[in-house]
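Open your viewer and get ready to select residues by number. This tour goes one stop at a time.

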Amino acid sequence: MRTPLIAGNWKMNLNLADASALAKAVKDSAAAYNDRDVLLYPTFLQLTQVAAILAGSKVSLGAQNCSAEKDGAFTGEISASQIKDAQAGYILIGHSERRHVLKETDAFLKQKVERVLEQGLMVMLCVGETLAERESGKAVEVVLGQLNAALSHLNGDEWRKIAIAYEPVWAIGTGKNATPEDAQAMHEAIRGRVAALNADIAPKIRILYGGSVKPDNIAAIMAKADVDGALVGGASLKAESFAELIRLAK
Ligand code: PGA
């Protein structure tokens, strides 16, 4: 059995006071459930404060990105080991805003996966196709290509440190979301590819859906067999809607 995971990606939103208040509210909402996991991705600068708020709770903490390098002369970058110092357990790698806005390539993201695993932290790898790729019938090929590029070299222990988030680029922040059937079809293809790479891990790995997940659509998406959670942007920024998402995430 895979425990459902609801993750809030706060992106570059919220000041420290609002982030702290939201973290407290999420901690309280999550406390009512033992059968689902909750994870928050604040900005780097808020990790330490949010970690202190979440201490002793079941809510996990993650960073939205990390450097592809271990340490050294990389001005403005933040390393996986510094993120570990800040008490985060997960690092999000390859979010579409980094792939498409910041032009991060598959090869660069593979290096980041290496940095996260060196620290013993969890990777949440985001994969997803653009609208043009979907319309030209290439969605599965693109998504599985991204997965292969970042993960196909992993060993068995490393696979235990991986979660995958399928986020169709055209659904992020647009109010459009994949139908539950389309999400399931892609999640099934992703799990099939993981099975080809590591048969033991495939039934255990969590595959989240992301892209305009809201309280009114989460239940139908999560009802699908291979959807193990949601990575939520906009609807994770309000305490009430995030509490609803946690409640509905079965
Ligand atoms: P959204 O963002 O829920 O606002 O579409 C999801 C994400 O980018 O992870």
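A disulfide is a pair of cysteine sulfur atoms within 2.5 Å. Keep that cut-off in mind for the first stop. One more thing before you click: this model is predicted.

**Stop one: the cysteines.** Select Cys126 and show its sulfur. Which cysteine sulfur is closest to the sulfur of Cys126? It is the one in Cys66, 12 Å away. A disulfide needs the two sulfurs within 2.5 Å, so 12 Å is too far for a bond. Now select Cys66. Its closest cysteine sulfur is in Cys126, so the result is again too far for a bond. Searching the whole structure turns up zero disulfides.

Zoom in on the oxygen atoms of the ligand. Start with Lys11: a polar atom of its side chain lies 2.7 Å from a ligand oxygen. Move to Gly233. Here a backbone N or O atom is 2.8 Å from an oxygen of the ligand. Then pick Gly234, where a polar backbone atom sits 2.9 Å from a ligand oxygen. How much of the ligand does the protein cover? On its own, the ligand has 280 Å² of accessible area, and the protein covers 95% of that.

**Last stop: the pocket.** The space that the ligand takes is the second largest pocket.

Terms used. Residues are numbered from 1 along each chain as its sequence is written. This is a predicted model: local features need pLDDT of at least 70, side-chain atom pairs count only at pLDDT 80 or more; totals for chains, interfaces and linings use all residues. Side-chain values use heavy atoms; hydrogens and water are left out. A polar contact is a pair of N or O atoms within 3.5 Å; within protein, one must be able to donate a hydrogen and the other to accept it, and residues adjacent in sequence count only if both atoms are side-chain atoms. Accessible areas come from the Shrake-Rupley method with a 1.4 Å probe; for residues, only the protein chains shown count as cover. On a 1 Å grid over the protein atoms alone, a cavity is a set of points where a 1.4 Å probe fits but cannot get out, and a pocket is an open set with protein on both sides within 12 Å along at least five of seven lines; lining residues have an atom within 4 Å of a point. A molecule sits in a cavity or pocket if more than half of its atoms lie within 2 Å of its grid points.
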